[in-house]
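Student: I would like a close look at one pair of packed helices in this model. Could you take me through how the two are arranged and what surrounds them?

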Amino acid sequence: MRSALFLLTGKYGESGVTFVGNMTRDVDMQEVAIVGGGLCGLALACRLQTRGIDCGMYEARNRLGGRILSAPSVLNGAALDLGPTWFWPHAEPHMRHWVAELGLEAFPQHDTDTVIQLRAAHGTPQSLYAPALHGGAQRLVGGMAALVQALAARVDAGRIHLDHALTIPVLVRNDGSVLTEFQAIAWWLARTHPRAGLVPEDAEG
């Protein structure tokens, strides 16, 4: 069997867990499998490909972007962000880097220094002074989906696998026993983050 490195992104990667396991299928494997085709997965695929590392990205949905989703307005065709909308260049250096590297156009969020406040359901709206309400937030021309499309264009199409929900078993212990997804997470965290208080099933082993 050949070892494979699984890099989990999106909701599965928020804990920063990386799995190293042995695949039991007798098939040719990529060196790195990226689970999730959101912004993190796309950026990772782009970087690994640039470094000449054999990788593939697997997304359960039929589209890329994860939480990012932009839809055209029926009125004027402008991109409407249904997920993440803003980014803050001064506080998010990685976003600033990718926007610059991909040649995307950003613009400041419209801010009139006022906000409409409604204290009660049937009350009268009040206009309040709120300077720099958005704190320097910027948006992208074409919506946040423009970032997804630009990153995806840099990744070889053959590395992107949509409608691919990865299922267990793919992770096994050294003794060959199979771990379910949640067992694997608990097993790994118990060894790398003992203060989390998780006790793996084979703690005595």
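Tutor: Helices (H or I, at least four residues) and strands (E, at least two) are DSSP runs numbered from the N terminus, while axes are lines fitted to C-alpha atoms, for helices over the stretch in contact, with angles running from 0 to 180 degrees between N-to-C directions. The model is predicted, so local features need pLDDT of at least 70 and side-chain atom pairs count only at pLDDT 80 or more, whereas totals for chains, interfaces and linings use all residues. Residues are numbered from 1 along each chain as its sequence is written, and side-chain values use heavy atoms, with hydrogens and water left out.

The axes of helix H1 (residues 39-50) and helix H2 (residues 93-101) come within 13 Å and cross at roughly 60 degrees. That makes H1 oblique to H2, a class left over once angles under 35 degrees (roughly parallel), over 145 (roughly antiparallel) and 65 to 115 (roughly perpendicular) are set aside.

In contact terms (heavy atoms within 4.5 Å), Leu-39, Ala-43, Cys-46 and Arg-47 of H1 meet Met-95, His-97, Trp-98 and Glu-101 of H2.

Buried means under 20% relative accessible area, with exposed over 50% and partly exposed in between (1.4 Å probe, protein chains only). Because 7 of the 10 residues of H3 are buried, H3 is largely enclosed by the rest of the structure; among those buried are Leu-147, Val-148 and Leu-151. Across the protein, buried residues make up 34% of the 205 residues.
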